[in-house]
Amino acid sequence: MTTLVIGAGLIGSQIARILVERGEKPVLMDHAAQTKAIGEIVPLDRVTLIKGDVLQPLSIVDALRAHSITRIAHTAANPLLTLGAQNDPYSAINLNIMGTVNVLESARVTGVKRVVVSSSSVLNHYLQGGEDQGEFGKEEGFPRPTTFYSATKQAVESLGLNYARFCGIEFAGLRYGAAFGPWSGSGGGGPSNIVREAMRRVLAGEEALVPPGAMEWVYSKDAAGATVLALEAKDLGSRIFNITMGSLTTPSDMATAFSAAVPGAKVKFEAPAGAGISLSNRDTGADLSRAKRHIGYEPKFKLHDAVKDLADWMRRNPS
Ligand SMILES: NC(=O)c1ccc[n+]([C@@H]2O[C@H](COP(=O)([O-])OP(=O)(O)OC[C@H]3O[C@@H](n4cnc5c(N)ncnc54)[C@H](O)[C@@H]3O)[C@@H](O)[C@H]2O)c1
């Protein structure tokens, strides 16, 4: 059993760590691996780190054959996710949609069955329309994603489900919440970087900024843990799963968690300059019951534990 983890960033490096802790030597593929940051999460001598690009399908096929891969976790995505895709839609559409299709096709032609792909809770949070409420034959039956990034994730889920239906791929799409966690490299989305910068500031005794609206988060270690569960689940059921903390976090919840992790933390509610971060227009968290039923996911890190774990890690890794 050898897993190919595609994308060695905030979440992919944690997937590799969990697999290593379970006794596996996973293959980590990235087109621009940040070796120092990866090495702070998982010992580099316990993984096989290779260069490969999901936009070059032969590099995926080569990796699958050369390392006798039996399952894939695909986490590569465009830089800065929602914000990055708004700035450069064409590249994000190409990478997220065609990159994922290249992964699914490579699995199909080489006979690799299980492919777990990172989707996003933006498909629960950033939606508009659907006035016809699912009614057949009406143009506005279903709400639509309101950003380029979420539109790519919707396409990825739909394409993956059809690879499952017609090509025998054991596809799962995981809708991670906005993720934060240990990582010193570049990567993640706008919110991931806001939490990291806020923590850097409070540890330095400076005032931190947190978004002024509710967000639905997941700790990167839980996103990775859910991915490993989906790689191993016997019955993937309806294949799309919410992977979040299970509730919305208000700005004052976040401030309280920071104060608990770093006594005396000063936190201000304000979107950091230039972040332009979109905030949820929902007032409830995602339903995790499908994820629990089919892959056994329950968040291990609720907000306070997650923020404390991040604080501890950043104290140990001040870079
Ligand atoms: N971070 C979040 O808040 C969040 C939330 C929901 C969903 N997601 C999804 O989870 C997945 C992982 O996110 P992350 O935060 O770990 O991202 P990240 O940016 O930290 O890591 C992505 C990795 O993919 C690599 N990559 C980019 N283009 C590539 C290519 N062409 N070929 C090979 N590798 C390539 C990058 O070099 C990077 O190391 C993504 O699909 C993202 O859309 C992330």
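**Helix pair H8 and H12**

I looked up the handedness and found that H8 and H12 cross in a right-handed manner. A crossing is left-handed if the near helix is turned anticlockwise from the far one by less than a right angle, and right-handed if clockwise. The model is a predicted one, in which local features need pLDDT of at least 70, side-chain atom pairs count only at pLDDT 80 or more, and totals for chains, interfaces and linings use all residues. Residue numbers start from 1 along each chain as its sequence is written.

The axes of H8 and helix H12 (residues 303-316) come within 10 Å, and they cross at roughly 65°. Axes are lines fitted to C-alpha atoms, for helices over the stretch in contact, and angles run from 0 to 180 degrees between N-to-C directions. Helices (H or I, at least four residues) and strands (E, at least two) are DSSP runs, numbered from the N terminus.

I listed the contacts: Met199, Arg200 and Leu203 of H8 meet Leu310, Ala311, Met314 and Arg315 of H12. Contact requires C-beta atoms, placed from the backbone, within 7 Å. By class I have 5 nonpolar, no polar and 2 charged residues in the contact of H8 with H12. Ala, Val, Leu, Ile, Met, Phe, Trp, Tyr, Cys and Pro count as nonpolar, Asp, Glu, Lys and Arg as charged, and the others, Gly among them, as polar.

**Helix pair H1 and H9**

Helix H1 (residues 12-21) packs on helix H9 (residues 220-232) at about 60°, with the axes 8 Å apart. H1 and H9 are therefore oblique to each other. The angle classes are under 35 degrees for roughly parallel, over 145 for roughly antiparallel, 65 to 115 for roughly perpendicular, and oblique for the rest. I noted a right-handed crossing for H1 and H9. On the H1 side the contact uses Gln14, Ile15, Ile18 and Leu19, and on the H9 side Ser220, Lys221, Ala224, Gly225, Thr227 and Val228. I recorded 5 nonpolar, 4 polar and 1 charged residue in the contact of H1 with H9.

**Helix pair H3 and H5**

For helix H3 (residues 57-66) and helix H5 (residues 89-110) I read axes that come within 9 Å and cross at roughly 45°. H3 and H5 are therefore oblique to each other. H3 passes H5 in a right-handed crossing.

**Sheet**

I traced an open sheet of 7 strands in the order S3-S2-S1-S4-S5-S8-S12, paired in parallel. Strands pair if DSSP finds at least two bridges between them. Strand S3 (48-51) and strand S12 (240-243) are the edge strands, each pairing on one side only. Strand S4 (residues 71-74) pairs with S5 in the parallel sense over 4 bridges. I checked Ala73, whose bridge partner in S5 is Val116. Helix H7 (residues 148-167) packs on the sheet and touches S5, strand S8 (170-176) and S12, with its direction at about 155° to that of S8.

**Ligand**

I found 29 residues around the ligand, the closest being Gly7, Gly9, Ala77, Ser118 and Gly187. By class I have 15 nonpolar, 12 polar and 2 charged residues in the shell around the ligand.

Definitions and conventions
Near = placed C-beta within 6 Å. Contact = placed C-beta atoms within 7 Å.
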